Amino acid sequence: MSTTDEARATWLTQEAFDRLKAELEELKSNRPVIAAEINARREEGDLRENGGYHAAKEEQGKQEGRIRQLEDLLRSARVGEAPTTATVVVPGTVVTVQFDDDPDDTETFLLGSREISSTTDLTVYSPESALGSAILDHKPGDKVSYDAPSGAKINVTIAKLEPFGG
């Protein structure tokens, strides 16, 4: 798998993958409960003034959206251990960047799926984020720039890489 293919895949630990798969299965098994709630509320009468019906439909929409999100995420997931060495930035590495406009300002984060954030104290940046996509395939000492969501151009130097320890 090339580094570019790895960047497109969503890197997850086995623990995160299992947790997300269990959430997906629970959401899918809850579909009949939501459908029964909608039917029960529908039988209460005029749907235009039935708050319970609209609340149940809204809950169903949120649930189906999360199901689609999880299915897409798990379909593209690359499950496994973090890289054991860190010579270039790839998903699963812990990256420390130094902001060029303030050499004392550094940030350390894990490059990976935000879904893994519940399993670590590290901040997690997605490879698709502005910073994440700018630093992919770079090594310590490389200077890169990216456009922040505010439109500002931010210049950073990759200070350090290490494998994710979980």
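## Ala130 and helix 5

Ala130 lies in helix 5, which covers residues 130-135, where helices (H or I, at least four residues) and strands (E, at least two) are DSSP runs numbered from the N terminus. In this predicted model, local features need pLDDT of at least 70 and side-chain atom pairs count only at pLDDT 80 or more, while totals for chains, interfaces and linings use all residues. Residues are numbered from 1 along each chain as its sequence is written, and side-chain values use heavy atoms, with hydrogens and water left out.

With a relative accessibility of 32%, Ala130 counts as partly exposed, a class that sits between buried (under 20% relative accessible area) and exposed (over 50%), computed with a 1.4 Å probe and protein chains only. Setting aside residues up to four places away in sequence, Ala130 touches Tyr146 and Asp147, contact meaning heavy atoms within 4.5 Å. Ser145 is 15 residues from Ala130 in sequence, and their C-alpha atoms are 9.4 Å apart in space.

## The loops on either side of helix 5

Ser126 is placed in the loop between strand 5 (123-125) and helix 5, and its relative accessible area of 12% makes Ser126 buried. Leaving out neighbours within four places in sequence, Ser126 is in contact with Leu111, Gly112, Arg114 and Gly132. Although Ser126 and Thr10 are 116 residues apart along the chain, their C-alpha atoms are separated by 8.7 Å.

Asp137 lies in the loop between helix 5 and strand 6 (143-147). Its phi is near 70 degrees, which is a positive value in a residue other than glycine, and Asp137 is partly exposed, with a relative accessible area of 39%.

Which residues does Thr157 touch, not counting residues up to four places away in sequence? They are Thr96, Val97, Gln98, Asp100, Gly141, Asp142 and Lys143. Thr157 itself belongs to strand 7 (residues 153-163), and at 10% relative accessibility Thr157 counts as buried.

Arg78 has its place in strand 2 (residues 77-79) and is partly exposed, with a relative accessible area of 24%. Between Arg78 and Val89 there are 11 residues of separation in sequence and 16 Å in space, taken from C-alpha to C-alpha.

## Annotated domains

An unreviewed UniProt entry lists residues 11-79 as "domain: Transcription elongation factor GreA/GreB N-terminal".

Over residues 86-162 the chain is 8% helix and 40% strand, with the end C-alpha atoms 5 Å apart. UniProt positions are given in the numbering used here with feature names shortened, and the annotations may be inferred rather than shown by experiment.

## The chain as a whole

The secondary structure comes to five helices and seven strands, and from the N terminus on the elements run α-β-α-α-α-β-β-β-β-α-β-β. The radius of gyration of the chain is 21 Å, well over the 15 Å that the globule rule gives for 166 residues, so the chain is more spread out than a compact globule; the radius is taken over C-alpha atoms, and the rule is 2.2 Å times the number of residues to the power 0.38. Taken along the principal axes, the C-alpha atoms fill a box of roughly 65 × 35 × 25 Å.

Of the 166 residues, 39% count as buried. Among contacts between residues at least 6 apart in sequence, 56% join residues at least 24 apart. The chain exposes about 9500 Å², of which carbon and sulfur atoms supply 47%, with accessible areas taken from the Shrake-Rupley method with a 1.4 Å probe and, for residues, only the protein chains shown counting as cover.
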